Amino acid sequence: MSSGGGGAKRKKKGHEEHEEHVNHERWLVSYADMLTLLFVLFVVLFSMSDINQKKFAQLAQGLSASFGSKSAAFTGNYAPLDGASNNAQIVQIDPGANPGDGSSGTEGLNAKQKAAVDRAVQAEDRKKVSANADKAAKEAENMKAIENKVSDALAAAKLLNNVKFTIDQRGLVITVVTNDVVFAGDRADLLPTGEKILGAIAPTLAGLPNNVEVDGNTNQLNARTKYYPSGWELSAARASASVRYFTGHGIPKKRLSAVGFSDTKPLIDPKDPRSITMNRRVDVVVLTMLTADQAALLPDAAGSDSKLHSGQTSAAAKAAAEAAAKKVEADNASGGTSTTSTDTTDHSTLITADTKN
């Protein structure tokens, strides 16, 4: 029994020794790792808080440039953003491409490079001006063709002498003198002759894509108006009456507008005796569809047609063009006209014989 008891005791002792070797402090390893990582994190944060002024300036410059050009961050290229030494300089050709830094776009270019940039800009400007001049010349020809069609209709109605024409920056101006022909004195009701004039004009205008503005004008006389408070209301009423007539003869309302100018836009000098009748008028303006820069060149492109003139029918225009062509051929044959002057005459317009650039 003593041996059995000793075995039991030895077995119990062995069990107790096994429990003594169990490690209950393994969490210390994970804890130490966490502390190490936190230490590294704080070291990194501390190093980032120490700002390098030069690198910060490069970063600010890169961010500023990104607002006006493609950012290197999206292209994968090296740039001051990567913190590396980078002496590359991006030169902006456009002046003011980097607003706020007080420098021009050609900063950093030598004299030869700046001269090349200036030549390129000037060449582009000349190209744009030349293109605008070509479009203005073509528009002047179109406006002259409209004048010819309107003149044909007026000539057929034997009313051509009651209308004058001008080509200005607005387009083709058809001037209808209103003195006792279109409207009675101090009235805005169309007379029969006035209806015939507008009726002859309307079909041509109806077939155009252009908008049409009708301007009412009175003369400079200080005569009191009986049916209207002043010349403003009278001129506006006459323009409105003309527009109302056009809407009933095929021209859509959305293409029409009426404006009253009273006596503020005289056709000829008020000191001229003819002004009493000539300044009392209605202007039907076929508005150009050119841009403002192109329309500014329209009077020069129109030549003599930019001045007030009588209407020219299609037949008269054809005869004038043939006469001008023969004159050019005769001048070329005699050697008195160079090729350059021939091109200038053709470019302006060969519709009238006396057209000049």
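Let's start with a definition: two strands pair if DSSP finds at least two bridges between them. Strands themselves are DSSP runs of E with at least two residues, while helices are runs of H or I with at least four, and both are numbered from the N terminus.

Before we go on, this is a predicted model, where local features need pLDDT of at least 70, side-chain atom pairs count only at pLDDT 80 or more, and totals for chains, interfaces and linings use all residues. Residues are numbered from 1 along each chain as its sequence is written, and side-chain values use heavy atoms, with hydrogens and water left out.

First, the overview. The chain has twelve helices and six strands. Of its 357 residues, 31% are buried. Buried means under 20% relative accessible area, exposed means over 50%, and partly exposed is in between, with a 1.4 Å probe and protein chains only as cover.

Now the sheet. In what order do the six strands lie? The order is β4-β3-β5-β2-β1-β6, in an open sheet with mixed pairing. β4 (256-260) and β6 (309-310) stand at the edges. Each has a single partner strand, so one side of each is left without a neighbour in the sheet.

Let's look at β3. Strand β3 covers residues 212-217, and its pairing with β4 is parallel, over five bridges. With β5, β3 pairs in the antiparallel sense, over six bridges. As background, strands of a sheet pair through backbone hydrogen bonds, either parallel or antiparallel. Take Gly-216. Opposite Gly-216 stands Gly-260 in β4, and Val-282 in β5 also stands opposite Gly-216. Glu-213 has Ser-257 of β4 opposite.

Is β3 mostly covered or mostly open? Mostly covered: six of its six residues are buried. On one side, Val-212, Val-214 and Gly-216 are buried; on the other, so are Glu-213, Asp-215 and Asn-217.

Next, the helices on the sheet. Helix α7 (residues 231-247) lies across β3, β4 and β5, and runs at about 165 degrees to β4. Axes here are lines fitted to C-alpha atoms, for helices over the stretch in contact, and angles run from 0 to 180 degrees between N-to-C directions. Contact means heavy atoms within 4.5 Å.

Thr-204 is buried because its relative accessible area is 16%. Leaving out residues up to four places away in sequence, Thr-204 touches Ile-146, Lys-149 and Val-150.

Move to helix α5, residues 111-156, and find Lys-128. Lys-128 is partly exposed, at 49% relative accessible area. How many residues separate Lys-128 and Gln-294 in sequence? The answer is 166, yet their C-alpha atoms are 10.0 Å apart in space.

Contacts across the chain come next. Among contacts with a separation of 6 or more, 73% join residues 24 or more positions apart.

Last, the surface. The chain exposes about 22,800 Å², and carbon and sulfur atoms supply 57% of it. Accessible areas come from the Shrake-Rupley method with a 1.4 Å probe; for residues, only the protein chains shown count as cover. Leu-45 lies in helix α2, residues 27-49. Leu-45 is partly exposed because its relative accessible area is 45%. That's where we stop. Thanks, everyone.
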